[in-house]
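This report concerns the packing of secondary structure in one protein model. Please keep the sequence and the structure in view while reading.

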Amino acid sequence: MNSINRRDFLELGGALIAVCAADGTIPAAAVAAQSNPGPFSASPIETVRIGYVGIGGQGSGHVENLLKIPGCRITAVCDVRSERTEWATKVITAAGHPAPVAYTRGPRDFERLCETEDLDLVYNATPWEWHVPIMLAAMKNGKHTATEVPAAMTIDDCWAIVESAEKLKKHCVLMENCNYDRMEMMVFNMVRQGLFGEIVHAEGGYLHDLRGIKFADEGEGLWRRAWATKLNGNLYPTHGLGPIANCLDINRGDRFDYLVSMSGPSRGLQAWAAEHVPADSPKRQERYVLGDVNVSLIKTALGKTIVVEHCTNLPRPYSRIHLVQGTKGLFQGYPNRVYLEGRGREDQWQQAADLLAEFEHPLWKEIAASASGAGHGGMDFIEDYRLIKCLREGKPTDMNVYDAAALSAVVHLSVQSVSKRSSAVDFPDFTKGRWKTTPPLAIVHM
Ligand SMILES: NC(=O)c1ccc[n+]([C@@H]2O[C@H](COP(=O)([O-])OP(=O)(O)OC[C@H]3O[C@@H](n4cnc5c(N)ncnc54)[C@H](O)[C@@H]3O)[C@@H](O)[C@H]2O)c1
């Protein structure tokens with residue numbers, strides 16, 4: 001009891017009363033269940049009041065999505081560029097809501113927003129270096145928080161968000177939109193139905209030619225290229241890892257145990273600059289250390305294997321790889337195909353699209369019309385919808401602070417492994433053992 005604070009005790013007590021047997025004794029199974037109350041949930045919020053920080057390329061899409069989702073209001077906005085808060089004010093008022101309070105007094109003005117505004121949620125889509133300071137300020141001031149990916153760039157920062165969310169009892173949500181893409185959700189639904197058997201291996205990645213974007217004089221060009229001068233590893237692991245982590249029940253029955261990582265040479269940005277950037281531009285003085293292709297291998301506690309790749313500096317078509325393989329068959333993305341033993345022709349892929357009629361995730365079926373036209377093929381709308389729904393219903397969010405920490409930890413761990421001749425590096429167990437008893441993610445509905 002010493003380690004349980006008063007609020008925990010009150011919450012625990014209320015729940016225990018509900019499971020007392022008629023004779024007043026408490027069944028042993030109920031006591032065991034209470035020792036692992038499952039993923040964190042907070043009290044339901046009827047109308048989620050949101051402060052949005054960072055209204056650039058990705059944040060603008062989220063603002064537009066949130067305006068279409070019932071039960072939430074954007075009441076404060078923050079960006080270092082006042083033209084972005086002005087744009088947000090225009091779309092928010094055009095949707096029939098009161099003008100939000102704008103915070104534009106520099107890169108730490110989100111602190112004033114967190115201290116001043118009465119909000120339920122502070123959601124950010126800022127450059128990577130700001131995610132953790134914003135989330136910590138939000139939680140410290142009594143707000144739930146959600147972030148674009150990756151949540152954190154160092155192991156210390158991963159621990160900082162976990163400890164803050166636990167201590168202050170706040171949601172700290174990783175907004176991994178790729179978990180909600182149509183094929184990823186179909187595959188997850190098929191995994192849950194056992195079609196691939198036991199999942200033993202998975203692969204994911206972020207393979208996207210970002211050279212033009214990284215050298216632009218706007219948007220991500222103002223901050224993303226700088227990371228390539230500092231770190232050599234996988235700087236953006238969560239798009240590939242999120243969906244396959246769900247299929248492998250990471251943090252809900254299994255966990256990432258250790259990782260080895262290898263980077264190849266760093267050529268792509270230098271070559272692009274030599275061709276496209278004037279010789280007297282300061283950009284030509286930059287020295288990049290980020291290997292063009294980084295490959296990491298993760299072993300899970302249950303012995304499953306995962307390959308995760310990062311490649312954003314070379315010419316190539318877009319891919320997240322997305323391979324999920326089990327004892328009865330596999331799915332492989334880009335292009336999307338399926339092989340199920342005993343179904344279709346032996347040794348031949350089946351088009352995955354042909355399976356949608358049978359295995360489409362129910363949430364996609366229910367929400368497709370509302371998501372149509374939203375960012376990244378609709379998946380951004382679905383992730384925003386789920387976040388607001390969970391907060392309104394007082395349910396655990398689909399991704400929580402442990403997912404934010406475990407998936408983002410790949411950034412720092414891959415850098416460490418690359419710098420040590422690909423030595424194995426351990427993942428911290430951010431859940432402190434709770435991964436063993438946390439129930440797997442369910443198939444959710446609208
Ligand atoms: N999930 C996805 O598919 C996806 C796609 C693109 C970007 N992202 C992520 O979204 C985040 C933002 O990326 P983006 O492409 O929108 O970048 P961006 O540069 O277009 O937008 C960032 C915005 O944040 C503002 N900003 C910068 N520092 C700030 C601060 N301290 N306080 C307030 N505002 C600040 C900038 O003025 C800008 O408007 C990144 O984490 C990125 O990885 C995710």
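Predicted model: local features only at pLDDT ≥ 70, side-chain atom pairs only at ≥ 80, totals over all residues.

An open sheet is formed by 9 strands in the order 14-13-12-11-7-10-9-8-15, with mixed pairing. Its edges are strand 14 (350-351) and strand 15 (425-426); each has a single partner strand, so one side of each is left without a neighbour in the sheet. Strand 12 (residues 329-332) and strand 13 (residues 337-340) run antiparallel and are joined by 4 bridges. Across this pair, F331 is placed opposite V338 of strand 13. Helix 16 (residues 401-419) packs on the sheet, where it touches strand 8 (256-263), strand 9 (294-300), strand 10 (305-311) and strand 15. The direction of helix 16 makes about 50° with that of strand 8.

| Partner | Angle with helix 16 | Axes |
|---|---|---|
| Helix 7 (residues 155-168) | roughly 170° | within 8 Å |
| Helix 11 (residues 238-247) | about 140° | 10 Å apart |

The axes of helix 7 and helix 16 cross at roughly 170°. Helix 7 is therefore roughly antiparallel to helix 16. From helix 7, I155, C158, I161, V162, A165 and E166 meet residues of helix 16 that include V401, Y402, H412 and L413. The residues of this contact comprise 11 nonpolar, 2 polar and 1 charged.

Helix 11 packs against helix 16 at an angle of about 140°. Helix 11 is therefore oblique to helix 16, and the crossing of the two is right-handed. Here T238, L241, G242 and A245 of helix 11 meet L407, S408 and V410 of helix 16. The residues of this contact comprise 4 nonpolar, 3 polar and no charged.

Conventions:
Residues numbered from 1 in each chain as written. Heavy atoms only, no water. Pairing = 2+ DSSP bridges. Contact = heavy atoms within 4.5 Å. Axes fitted to C-alpha atoms, helices over the stretch in contact; angles between N-to-C directions. Parallel < 35°, antiparallel > 145°, perpendicular 65-115°, else oblique. Nonpolar A, V, L, I, M, F, W, Y, C, P; charged D, E, K, R; others polar. Left-handed = near helix turned anticlockwise from the far one by under 90°.
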